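The sequence and the structure are shown first.

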Amino acid sequence: MGLRDAVAGNNTSVPRDQAITLLVSSDFPNKEREFEALLENQAESSTIRYLAAISLGKINTPEAREILMRNTRTNDEKVLAGTMISLGHIGNEQSVPRCN
């Protein structure tokens, strides 16, 4: 079992928050997909989904920005905060949704 398994919660030898941090700084390809799966999984805890949103902001690829933009309409305030913090961190006008 590897790092991606730990991020998904399938390997408990590494705490998930540490695994998420390690994945962000890794050179693994397509790591946005792991964070997308966590962020969009309603069964995950708010904390894990928040960490996934923050991680996508740190990755700051076009794919990560698209995933974050798609997830600005959540009722979970903690997850929304992580998503908006990440979009604000990215900092370009296209990444910050208009709040009407």
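**Loop residues with positive phi**

Asn 30 is found in the loop between α2 (16-25) and α3. The model is a predicted one. Although Asn 30 is not a glycine, its phi is positive, at about 55°. With a relative accessible area of 55%, Asn 30 is exposed, because a value over 50% counts as exposed.

A second residue of this kind is Asn 60, in the loop between α4 and α5. Its phi is near 50°, again a positive value in a residue other than glycine. Asn 60 has a relative accessible area of 33% and is therefore classed as partly exposed. As background to both cases, most residues other than glycine have a negative phi.

**Packing of α3 against α4**

Two packed helices are described by the angle between their axes and the distance between the axes. For helix α3 (residues 31-40) and helix α4 (residues 46-59), the angle is about 150° and the axes are 8 Å apart. The two helices, α3 and α4, are therefore roughly antiparallel to each other, since angles over 145 degrees are placed in that class. The crossing in which α3 passes α4 is left-handed.

On the α3 side, the contact is made by Lys 31, Glu 32, Phe 35, Leu 38 and Leu 39. On the α4 side, Ile 48, Arg 49, Ala 52, Ala 53, Ser 55, Leu 56 and Ile 59 take part. Sorted by class, the residues of this contact between α3 and α4 comprise eight nonpolar, one polar and three charged.

**Packing of α4 against α6**

Helix α4 also packs with α6, their axes coming within 8 Å and crossing at roughly 10°. This angle makes α4 roughly parallel to α6, because angles under 35 degrees are counted in that way.

From α4, the contact draws on Ser 46, Thr 47, Arg 49, Tyr 50, Ala 53, Ile 54 and Gly 57. The residues of the contact of α4 with α6 divide into seven nonpolar, seven polar and two charged.

**The buried face of α5**

Which residues of helix α5 (residues 62-70) are buried? They are Ala 64, Ile 67 and Leu 68. Viewed down the axis of α5, these buried residues fall within an arc of 100°, so they line one face of the helix. An α-helix has 3.6 residues a turn, so residues three or four places apart point the same way. The cover over the buried residues of α5 includes α3, α4 and α6 (77-90).

Ala 53 lies in helix α4 and, at 0% relative accessibility, counts as buried. Apart from its neighbours within four places in sequence, Ala 53 is in contact with Leu 39, Leu 68, Val 79, Gly 82, Thr 83 and Ser 86. Ala 53 and Pro 29 are 24 residues apart along the chain, and their C-alpha atoms are separated by 18 Å.

Gly 91 belongs to the segment after α6. Its relative accessibility is 55%, so Gly 91 counts as exposed. Gly 91 and Gly 57 are 34 residues apart in sequence, and the distance in space, C-alpha to C-alpha, is 10.0 Å.

Terms used
Residues numbered from 1 in each chain as written. Predicted model: local features only at pLDDT ≥ 70, side-chain atom pairs only at ≥ 80, totals over all residues. Heavy atoms only, no water. Axes fitted to C-alpha atoms, helices over the stretch in contact; angles between N-to-C directions. Helix = DSSP H or I, 4+ residues; strand = E, 2+ residues; numbered from the N terminus. Parallel < 35°, antiparallel > 145°, perpendicular 65-115°, else oblique. Left-handed = near helix turned anticlockwise from the far one by under 90°. Contact = heavy atoms within 4.5 Å. Nonpolar A, V, L, I, M, F, W, Y, C, P; charged D, E, K, R; others polar. Buried < 20%, exposed > 50% of the residue type's maximum accessible area, 1.4 Å probe, protein only. Arc of directions from axis to C-beta.
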